[in-house]
Amino acid sequence: MNDKARLDYDAFSELLEQHNMVITPAEVHGVLCGLISGGMAKDDVRWQQHFNALLNDDFGLPAELKKAVNMLFYRIYDDLLSQGQFELLLPQDDTPLDERIDALIEWAGAFLAGFGVVQQELNKASAELREMIQDISGITQLSSEFDQEDEENEAAFVVLYEHLKLGVTLAFEEFGKGQPVPKRPTLH
């Protein structure tokens, strides 16, 4: 997993805490990935309204946090377009496995929420993507199956991580790359 993408988790967590936000970086990243993969265009600022509705009770974000979330939105979009640099924003590998699993579960639930807000036509998705969405939903139901920190559970975590990445990429390929918002004609 790419350390560059993951180094931001602790700093983002501190930023959220500084602004008394009761959400995690995993939830922020998951919602943004869901919005983007669901078809939100890069230049469509409505994503901010969806984000605020899902994670901040419809309130706007403080300026510093809004800037960080905006930067993350554009970074995710660019990473998905580049096909290969996309990583989930989760705690670093040296974090206890149960904490990483909790963050993975939060990420999956947040992804589904963001995706569902934007993408109302899942019936038009490929069978593979529909199955992937079911798998992601299943990940949100994980429990304490990973109580022990051993190689087997670590390997299972990596499989789930990679499966989520694949799901996001697949959703982005089918519904993402949102078209630019059409410009309204200027009336004189």
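User: How many helices and strands does the secondary structure of the protein chain come to?

Analyst: The secondary structure of the protein chain comes to eight helices and zero strands, where helices (H or I, at least four residues) and strands (E, at least two) are DSSP runs numbered from the N terminus. This is a predicted model, in which local features need pLDDT of at least 70 and side-chain atom pairs count only at pLDDT 80 or more, while totals for chains, interfaces and linings use all residues. Residues are numbered from 1 along each chain as its sequence is written, and side-chain values use heavy atoms, with hydrogens and water left out.

User: At what angle do helix α3 and helix α5 pack, and how is such a packing described?

Analyst: Two packed helices are described by the angle between their axes and the distance between the axes. Here helix α3 (residues 25-38) and helix α5 (residues 63-82) pack at an angle of about 50°, and their axes are 10 Å apart; the axes are lines fitted to C-alpha atoms over the stretch in contact, with angles running from 0 to 180 degrees between N-to-C directions. That makes α3 oblique to α5, because angles under 35 degrees count as roughly parallel, over 145 as roughly antiparallel, 65 to 115 as roughly perpendicular and the rest as oblique.

User: Which residues make the contact of α3 with α5?

Analyst: With contact meaning heavy atoms within 4.5 Å, α3 contributes Val28, His29, Leu32, Cys33, Ile36 and Ser37, and α5 contributes Val69, Leu72, Phe73, Ile76, Tyr77 and Leu80.

User: How are the rings of Trp47 and Phe73 arranged?

Analyst: A pair of aromatic rings is described by the distance of the centres and the angle of the planes. Rings of Phe, Tyr and Trp (its six-membered ring) pair if their centres lie within 6.5 Å, and planes under 30 degrees apart count as stacked, over 60 as edge-to-face and the rest as tilted. The ring centres of Trp47 and Phe73 are 4.1 Å apart and their planes are at 0°, so the pair is stacked. Trp47 lies in helix α4 (residues 46-55) and Phe73 in helix α5, so the pair ties together parts that are 26 residues apart in sequence.

User: Is Phe73 buried or exposed?

Analyst: Phe73 counts as buried, at 0% relative accessibility, since buried means under 20% relative accessible area, exposed over 50% and partly exposed in between (1.4 Å probe, protein chains only). Phe73 also forms an edge-to-face pair with Tyr74, at 5.3 Å centre to centre and 85° between the planes, and Tyr74 is partly exposed, with a relative accessible area of 30%.
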